[in-house]
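Hi,

Here is the structure I promised to pass on. Have a look at it first, and then read on for what turned up in it.

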Amino acid sequence: MTVDTDVRPLVSMRGITIAFPGVLALDGVDFFLRPGEVHSLMGENGAGKSTLIKALTGVYAIDAGTIEVADEERDFASTADAQAAGISTVYQEVNLCANLSVGENVMLGHEPRGFAGISWNAVHREAARHLASLGLDLDTRSPLASHSIAIQQLVAISRAMVLDAKVLILDEPTSSLDRGEVEQLFAVIRSLRDRGVAILFVSHFLEQVYEISDRITVLRNGALIGEYLVEDLPREALVTAMIGRELDELSALSGAAERAIDRTGTPVLSAEGVGRKGVLEPADLDVFEGEVVGIAGLLGSGRTEMVRLLYGADKADAGQISVGGERAKMHAPRHAIDRGIAFSSENRRAEGVVAELSVAENMILGVQAQRGWMRRLSKAEQDAIVAEYMEALGVRPADPTVPIGTLSGGNQQKVLLARWLAMQPRLLILDEPTRGIDVGAKADIQRKVAQLAAEGLSVVFISSELEEVLRITQRLAVLRDRRKIGELDPTEVDLDGLVDYIANAGHTERSATR
Amino acid sequence: MTLLKHRLFWPVAALVTLVVVNVIANPNFAKVTMRDGDLYGNPVTILRESAPLMLVALGMTLVIATRGIDLSVGAVMAVSGAVSLTIIADSPDPGSLGTVTVAIVVAVLVALVLGAWNGFLVSVLGIQPIIATLVLMLAGRGVALLITGGAITTVTSAPYKFLSNGYLILLPVAFFIWVAVVAIVALVERRTALGMLTESVGINPEASRLAGVRSRGIIWAAYMVSGLLAGVAGIINASNTMAADSNNAGYLIELYAILAVVLGGTSLMGGKFSIAGTVIGVLTVTTLDKTIQFFGVPPAQSPVFFAVVVVIVVLVQSPRVHAWGRAASARMRRTPSSGEPPTGPGAASAAKKHEEVAA
């Protein structure tokens, strides 16, 4: 898969500079996007990726530099200008109208008209044609909301094609898709690329970047590090380029999996046959003191559902849970909290942060809720908690009075981790704590988890990144199709072995019972 | 600049402007006179007549902070007035302090029960707040009429009358009542964790639940406080006229309370709330009411006048209008030196950039 560097760029951004008060978000960055290529933009949070995208889509005005699209210099004053120049964006959160039908969304604003206004039959016919050209066969009259996020994203891409987009920007399109859905999306991306569309792709998943990209541009701290052909840039070199230092931190953790766990005593948490109809088949799980238990499986395999039942976020209708050998009723999160269990949801924005409250208030929320409203934490107690965790987790900016909603994803996650740690739990359940955050923050969080476990905290750890799970856990429970299919020792299995187990273990037995 | 950014700047600016316009139009507006050791005059009247709306709006602020709304406050006022005056009217000694105390305590307890009913519907049964409180808004006045036997109960009772018409040190009792209640509510909300937990539940109910916040209790408590304060408001209102008029007591006050809360800068989306803002909002609404009387606007036209001023006040406080204003003044400053190269395509997007960074 070689790309001809001599192809004339469709988009040429030269010397792009954007300054915010006190911050130089982009400093003279050059970026070129050629027709018929998939070009990944890489960098840590705060590197300037989204600022560059916003400059290209007309959200931000540039302070210096030039943007040329199709050999014509452009001055985007609004997103409408950028769209008119053939630049379309598909975001992680699909910005279509969920309550309208698929066909209406695809054709919105470009409805074919007959003599009596909009011809709805033609709308749906046209929409179906556009969808079919991307290999999608959908009922165009079904409401958009009735489809999965993956399909909604493909509908958003179809819509971009209706707008005759020559440049398609995909900003973290895969973060909530499972493997099959990613494949479907990639098939569509490849077919668009072959039609000559220039595609700008942003993702935190290195695997996917290597799978789909022809070219990679790396930014760091608002400056251009370089533009590379994929085959010229090995992974280690990419990571080094992104973070600007050798990444020893992650490898330093490699000893974690070998740490011996005493499993002779009473488990901190013991679940027997815990399940819920249509959500999770009854499953067992023990977690011992100081142990990090990983839950591996694909998205939708029941891993999130399982820990939600253990925490009481959802009510189990089968089985029983014991904490420290005592039977425990888990009908509400409070029941779990009272027994020293904390749970960090995978859905940071909807179920984690309280966006308009300050970083400090978000940190103390759990402790304060546990104490009740009457016994307010004194200013000194609050400051002690906040100071301790701001420092220990390296939250940036180091100002606890700003609303948490203004922080980057990685820093929000650190604040949430602080919220749970401040409650001094004996069992911490972390569901995708490192998703969508930059490499540095990821390393910080992994290191903290490993350190706390070594000090005796029990952890249940869920992550889509199997390498991460293998690196920091001492035992793995594997789920598939809302069923626990077995447990593995991470020291005895490598990445390929784990993938194979997730994909195949117990399959023969399963098909026999069907 | 930091003063401009303060969340109470625009609410205060609106109130001050309203007062200044009045004083310019007629200096008598601000005139205060001393009679028999007490203060009289328009400002004093505003402070006195603010009492019922102040109490209702205070409760409404807490309910709105939980993402709710309480439409029943006017009806609760009617019930509370009816209960207290019926007890006084039926007692052999309407003028005694004991009778009045019993009447007030019973009326306030009844209002508390009604607030608890609203809270039960919303927090336990999960009924949408607007519907849950609509039930009592419609039924409450019927209950009040039932208590008074369909008539307007009037009584003569000096201690009861004192609540709204009496004076303490220089100023009306009603003023001291609302100042005390504001102080108590502010202390409870901000010196305990109730305020923060209420905001947390209002901003993100699911995150709060997972963090172990007892959101049911917090939401329930907000409606109970709202009911309780509406009850006190109903007593002050009845004391003002010494009559329990079930059809007109607190009529439409729920809407004026919502208006006052919003003028004070608390979002109807729930979450962050400002008690000081609500106080400013209520004083604005009451001052506007006085303005209409003072300008001698004919009753038939006064709603129009009221509406026009409210629209202006709301526009003055709108962040989007502020952004337009900044953009317009930036353009004005730029036009004279048109030879200078543009630093960016338009001040509007520059303003937008600023906002996002500040946000």
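Which residues does B:Trp178 touch, not counting residues up to four places away in sequence? They are B:Leu47, B:Ser50, B:Ala51, B:Met54, B:Leu55, B:Val279 and B:Leu283, where a contact means heavy atoms within 4.5 Å.

Some housekeeping before the rest. This is a predicted model, so local features need pLDDT of at least 70 and side-chain atom pairs count only at pLDDT 80 or more, while totals for chains, interfaces and linings use all residues. Residues are numbered from 1 along each chain as its sequence is written, chains are lettered from A and ligands numbered from 1 in the order in which they are written, and side-chain values use heavy atoms, with hydrogens and water left out.

**The cores**

B:Trp178 also turns up in the largest nonpolar core, which has 167 residues. A nonpolar core here is a set of buried Ala, Val, Leu, Ile, Met, Phe, Trp, Tyr and Cys residues joined through side-chain atoms within 4.5 Å. "Buried" means under 20% relative accessible area, "exposed" means over 50%, and "partly exposed" is in between (1.4 Å probe, protein chains only). Together with A:Tyr311, A:Ile341, A:Met363 and B:Tyr160, B:Trp178 touches the most other members of that core. Helix 4 (residues 51-65) of chain B gives the largest share of this core, twelve residues. Helices (H or I, at least four residues) and strands (E, at least two) are DSSP runs, numbered from the N terminus. There is also a second, separate core of 47 residues, and A:Met42, A:Ile189, A:Leu192 and A:Ile212 are among its members.

**Chain B as a whole**

Chain B has 17 helices and four strands. Its C-alpha atoms fill a box of roughly 90 × 55 × 40 Å along the principal axes. The radius of gyration of chain B is 23 Å, which agrees with the value near 21 Å that a compact globule of 359 residues would have. That radius is taken over C-alpha atoms, and the globule rule is 2.2 Å times the number of residues to the power 0.38. Of the 359 residues of chain B, 50% count as buried. If you take the contacts in chain B between residues at least 6 apart in sequence, 77% of them join residues at least 24 apart. Chain B exposes about 16,500 Å², and carbon and sulfur atoms supply 71% of that; the areas come from the Shrake-Rupley method with a 1.4 Å probe, and for residues only the protein chains shown count as cover.

**Two loops in chain B**

B:Ser72 sits in the loop between helix 4 and helix 5 (73-90) of chain B. Is B:Ser72 buried or exposed? Its relative accessible area is 0%, so B:Ser72 is buried. Leaving out residues up to four places away in sequence, B:Ser72 touches B:Asn118, B:Thr133, B:Leu136 and B:Met137.

B:Ile127 lies in the loop between helix 6 (97-124) and helix 7 (129-148) of chain B, and B:Ile127 counts as partly exposed because its relative accessibility is 31%. On the surface, B:Ile127 forms a nonpolar patch with B:Leu125, B:Ile130, B:Ile131, B:Leu134 and B:Leu138, with about 520 Å² of accessible area together. Patches are made of residues with over 30% relative accessible area and no salt bridge: like charges are joined within 9 Å, nonpolar side chains (Val, Leu, Ile, Met, Phe, Trp, Tyr) within 5 Å.

**Salt bridges**

Over all chains, the structure holds 30 salt bridges, each being a side-chain nitrogen of Lys or Arg within 4 Å of a carboxyl oxygen of Asp or Glu. Here are two of them.

- A:Arg14 and A:Glu68 meet at 3.5 Å, N to O. A:Arg14 is in strand 1 (residues 11-20) and A:Glu68 in strand 4 (residues 64-69) of chain A, so the pair ties together parts that are 54 residues apart in sequence.
- B:Lys272 pairs with B:Glu199, with the closest N and O atoms 3.9 Å apart. B:Lys272 is partly exposed at 27% relative accessible area, whereas B:Glu199 is buried at 2%.

**One helix in chain A**

Helix 1 (residues 49-56) of chain A is mostly covered, as six of its eight residues are buried. After helix 1 of chain A comes A:Gly58, with a positive phi near 80 degrees.

Cheers
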